[in-house]
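Keep the viewer open as you read.

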Amino acid sequence: MKLLVINGPNLNMLGIRERGLYGERSYDQLVEYIHQCCRELGVEEVECFQSNHEGAIVDAIQAAYGVKDAIVINPAAYTHTSVAILDALKAVNLPAVEVHLTDVDSREEFRRISYAGLACQTRFSGLGFAGYRKAIEYLLDLQSSKEKKP
Ligand code: DQA
């Protein structure tokens with residue numbers, strides 16, 4: 001599997017931003033964690049992309065078309081606002097899983113809306129870094145169940 005992991009705005013500030021909510025570990029540590037999971041789970045190739053800009057995230061999703069097999073995405077604040085990211089995910093039509101470090105449903109009302117989630121197979125929310133591992137496992141299971149079908 002060739003995997004793209006996208007992290008949206010302010011996730012580059014992990015370890016600095018609201019540590020009580022998002023934890024002490026940095027974005028670099030998250031990237032290392034994802035690489036470690038991919039090695040353990042046998043993912044052939046992983047690219048981790050982070051941007052604070054909606055258009056750059058749309059560009060990264062579009063660039064995945066025909067090149068990647070699956071997407072893990074934490075759109076961060078754009079989760080709750082971005083029809084453009086939803087449309088990009090629909091356009092490339094790759095299996096995608098939504099991840100949030102925190103439990104977005106138990107926070108402010110506005111965080112309950114997820115546009116990107118409408119184009120994702122499932123969501124892992126509130127599990128911290130482990131949500132990314134769950135997402136990768138889910139996508140691998142999905143891929144192998146598709147391969148088993150004649
Ligand atoms: C987040 C939750 C979002 O509501 C928030 O805007 C973020 C991070 C999470 O990972 O918990 O920036 O996606």
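Helix α2 (residues 27-41) packs against helix α5 (residues 130-148) at an angle of about 35°, and their axes lie 10 Å apart. Axes here are lines fitted to C-alpha atoms, for helices over the stretch in contact, and angles run from 0 to 180 degrees between N-to-C directions. This is a predicted model: local features need pLDDT of at least 70 and side-chain atom pairs pLDDT 80 or more, while totals for chains, interfaces and linings use all residues. Residues are numbered from 1 along each chain as its sequence is written, and side-chain values use heavy atoms, leaving out hydrogens and water.

**The helix pair**
- Helices (H or I, at least four residues) and strands (E, at least two) are DSSP runs, numbered from the N terminus.
- From α2, the contact (heavy atoms within 4.5 Å) takes in Leu30, Tyr33, Ile34, Cys37, Cys38, Glu40 and Leu41.
- From α5 come Ala130, Tyr132, Arg133, Ile136, Glu137 and Leu140.

**The sheet**
- Five strands form an open sheet in the order β2-β1-β3-β4-β5, with parallel pairing (two strands pair if DSSP finds at least two bridges between them).
- At the edges sit β2 (45-50) and β5 (122-125), each pairing on one side only.
- On average, neighbouring strands of this sheet are turned by 20° against each other, direction ignored.
- Strand β1 (residues 2-7) pairs with β3 (residues 70-74) in the parallel sense over five bridges.
- Val5 has Val72 in β3 as its bridge partner.

**Where helix meets sheet**
- Helix α2 also packs on the sheet, where α2 touches β1 and β2.
- The direction of α2 makes about 160° with that of β2.
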